[in-house]
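Please keep the sequence and the structure in view while reading.

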Amino acid sequence: MKTLIVYYSRTGVTKKLAQKMALELDADLEEVVDTDKRSGVIGYLRSGRDAMRKKLAIIDPLLYNPADYDLVIVGTPTWANTMACAIRTYLHNYAKDIKQVAFFATRGGEAEEKAIKSMAELLNLEARAELSLTSREVMRDLFQEKLSKFVGLLK
Ligand SMILES: Cc1cc2nc3c(=O)[nH]c(=O)nc-3n(C[C@H](O)[C@H](O)[C@H](O)COP(=O)(O)O)c2cc1C
């Protein structure tokens, strides 16, 4: 199965998970780049506000066309209980090109997962698998078992 992993990452947590997943699934990897300035305290505050308002971002041109893939796996950090603006933009632009989907998200807190739910609502496609991890689990390499289960559902 031809698989594409698409993700956005502001500080590297979601990126680390996406890279590991790409190795295990032998998938192509697309990092969505948000052209807005998201670093520092101002960037953090703006990002939270933009996510809450469901604002679309201006993203850099992509390397891969999702229509060329059997499965697209979409990953985001949780921002204000929803997805990052760059991923909202990606799904907004390419939903029609995605045949099968799976989702993953990272989050700072232990609270219930909402970013995946918001991505699923936007796409209106049943996900083949979902994976939600805390940034602590990712950065301390405490995710292999959950990742293997997720990958197993997609192979
Ligand atoms: C603007 C902003 C809003 C966030 N909102 C939430 C939130 O609502 N719930 C949560 O658990 N974590 C929240 N976080 C924490 C991130 O989801 C978490 O640190 C994530 O793993 C960062 O991934 P990244 O390094 O790939 O950007 C927020 C982070 C940012 C920057």
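## Helices H1 and H6

Helix H1 (residues 13-25) packs against helix H6 (residues 144-154) at an angle of about 45°, and their axes are 11 Å apart. H1 is therefore oblique to H6, the word for angles that are not under 35 degrees (roughly parallel), over 145 (roughly antiparallel) or 65 to 115 (roughly perpendicular). H1 passes H6 in a right-handed crossing, that is, with the near helix turned clockwise from the far one by less than a right angle. Axes are lines fitted to C-alpha atoms, for helices over the stretch in contact, and angles run from 0 to 180 degrees between N-to-C directions. Helices (H or I, at least four residues) and strands (E, at least two) are DSSP runs, numbered from the N terminus.

On the H1 side the contact is made by Leu17, Lys20, Met21, Glu24 and Leu25, and on the H6 side by Gln144, Leu147, Phe150, Val151 and Leu154. These residues divide into seven nonpolar, one polar and two charged. Contact means heavy atoms within 4.5 Å. In this grouping Ala, Val, Leu, Ile, Met, Phe, Trp, Tyr, Cys and Pro are nonpolar, Asp, Glu, Lys and Arg are charged, and the others, Gly among them, are polar.

## Basis of the model

This is a predicted model, in which local features need pLDDT of at least 70 and side-chain atom pairs count only at pLDDT 80 or more, while totals for chains, interfaces and linings use all residues. Residues are numbered from 1 along each chain as its sequence is written, and side-chain values use heavy atoms, with hydrogens and water left out.

## The two faces of H6

Leu147, Phe150, Val151 and Leu154 are the buried residues of H6. Seen down the axis of H6, they fall within an arc of 95°, so they line one face of the helix; the arc is that of the directions from the helix axis to the C-beta atoms. Buried means under 20% relative accessible area, exposed over 50%, and partly exposed in between (1.4 Å probe, protein chains only).

On the face turned away from the buried side, H6 carries the exposed residues Glu145, Lys149 and Leu153.

## Helices H3 and H4

Helix H3 (residues 85-94) and helix H4 (residues 115-123) have axes that come within 10 Å and cross at roughly 20°. That makes H3 roughly parallel to H4. H3 passes H4 in a right-handed crossing.

Ile87, Arg88 and Leu91 of H3 meet Met119, Leu122 and Leu123 of H4. By class, the contact has five nonpolar, no polar and one charged residues.

## Buried residues in helices and a strand

Asp50 lies in helix H2 (residues 40-52) and counts as buried, at 1% relative accessibility. Apart from neighbours within four places in sequence, Asp50 is in contact with Asp36, Arg38, Lys55 and Cys85.

Thr89, in helix H3, is buried with a relative accessible area of 4%. Not counting residues up to four places away in sequence, Thr89 touches Leu56, Ala57 and Ile59. The C-alpha atoms of Thr89 and Lys55 are separated by 8.3 Å, although these residues are 34 residues apart along the chain. Tyr7, in strand E1 (residues 3-7), also counts as buried, at 3% relative accessibility. Leaving aside neighbours within four places in sequence, the contacts of Tyr7 include Thr14, Ala18, Val32, Ile87 and Phe104.

## Residues in loops

Glu113 lies in the loop between E5 and H4 and is buried, with a relative accessible area of 17%. Its contacts, leaving aside neighbours within four places in sequence, are Thr78, Ala105, Arg107 and Ser132.

Lys54 is in the loop between H2 and E3 and counts as exposed at 57% relative accessibility. Phi of Lys54 is near 55°, a positive value in a residue other than glycine. Asp141, in the loop between helix H5 (135-139) and H6, has a positive phi of about 60° although it is not a glycine. Asp141 counts as exposed at 52% relative accessibility.
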